[in-house]
Amino acid sequence: LQKHLTDVTESYTGQLELAEHSVQGQLNNLVDSSAVYYRCGALKKSHLLEIWINHLFANASGLEIESISISKGKLKAKVGHLKPVNQSEALQHLNELANLFTGSVRQPLCFPPETAFSYVESMQEVTSIEDAKAIAEGQWDKGGFPESNDPYWSRLFSIPRDLDSKFVESA
C-alpha cells in the first residue's frame, strides 16, 4: 500500500474528440506510470465504473497507464489493477459509454451499478441469459442498502421487467 501512496503526484487535464462527442477530463494522483485511486471503505461498483472511465480516458489520451484501486473495507485493504488499454480500443470503449450517456438523457438507462455488475459477473459463470438476469434480480434487493431502496432507481425502473435486452446490451 505504501509504495503506491507518495507525497509526489501529478495530474493531467485533456480533451478528446470522439466520433460523436467531445470529452474533457482531469486525472489526479498520477504516480510514475499509474493512476492511484484510494478509498477508506469498501469499493462500490459505481466507484469501479468511475475508475474504468478515468482509465479509458487516460489511455485514450495516449498516457498508457495502469490504474490501481486501493480500498479498506472492514477486514483488510484490497488492491485492484487495470492494465493499460491500447489507445484505439480505449477510444472505442469511451465512445460507446458516451453514446450510452447521451442516450440516457433522452430516455433513462436501466443501469444500477451493483445489479449490472452482478449480471456481467454471472454471465462468466452461467450459460443462460435468463439465469444471469435472475442473479441480477437477486442483487437488486440484496445487501444493507439495496438498489431497490434507492428512491431514484425504484422510481424509474421495475425489476425484473426492466432487465430487458437493452439492459443486457448496456451491461
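Student: Does Trp153 count as buried, partly exposed or exposed, and which value decides it?
Tutor: The model is predicted, and the answer rests on its computed accessibility. Buried would require under 20% relative accessible area and exposed over 50%. The value for Trp153 is 21%, so Trp153 counts as partly exposed.

Student: What kind of aromatic pair do Trp153 and Phe157 form?
Tutor: Phe157, at 11% relative accessibility, counts as buried. The two rings, of Trp153 and Phe157, lie 5.9 Å centre to centre, with 35° between the planes. Planes under 30 degrees apart would count as stacked and over 60 as edge-to-face, so the pair of Trp153 and Phe157 is tilted.

Student: How many aromatic pairs are there by this rule?
Tutor: Ring centres must lie within 6.5 Å for a pair to be counted. By that rule the count comes to three.

Student: How many residues apart in sequence are the parts that the pair of Tyr119 and Phe167 ties together?
Tutor: The ring centres of Tyr119 and Phe167 are 5.5 Å apart and their planes stand at 65°, so this pair is edge-to-face. Tyr119 counts as buried at 4% relative accessibility, and Phe167 counts as buried at 1%. Because Tyr119 lies in helix α3 (residues 113-123) and Phe167 in helix α6 (residues 165-170), the parts tied together are apart in sequence by 48 residues.

Student: Which element gives the largest share of the largest nonpolar core?
Tutor: This core has 17 residues, and those with the most contacts inside it are Leu16, Leu18, Leu27, Phe57 and Leu94. The elements giving two or more residues to this core are β2, β3, α1 and α2. The largest share, five residues, comes from α1.

Key. Residues numbered from 1 in each chain as written. Predicted model: local features only at pLDDT ≥ 70, side-chain atom pairs only at ≥ 80, totals over all residues. Heavy atoms only, no water. Phe/Tyr/Trp six-rings, centres within 6.5 Å; stacked < 30°, edge-to-face > 60°. Helix = DSSP H or I, 4+ residues; strand = E, 2+ residues; numbered from the N terminus. Buried < 20%, exposed > 50% of the residue type's maximum accessible area, 1.4 Å probe, protein only. Core = buried A, V, L, I, M, F, W, Y, C linked by side-chain atoms within 4.5 Å.
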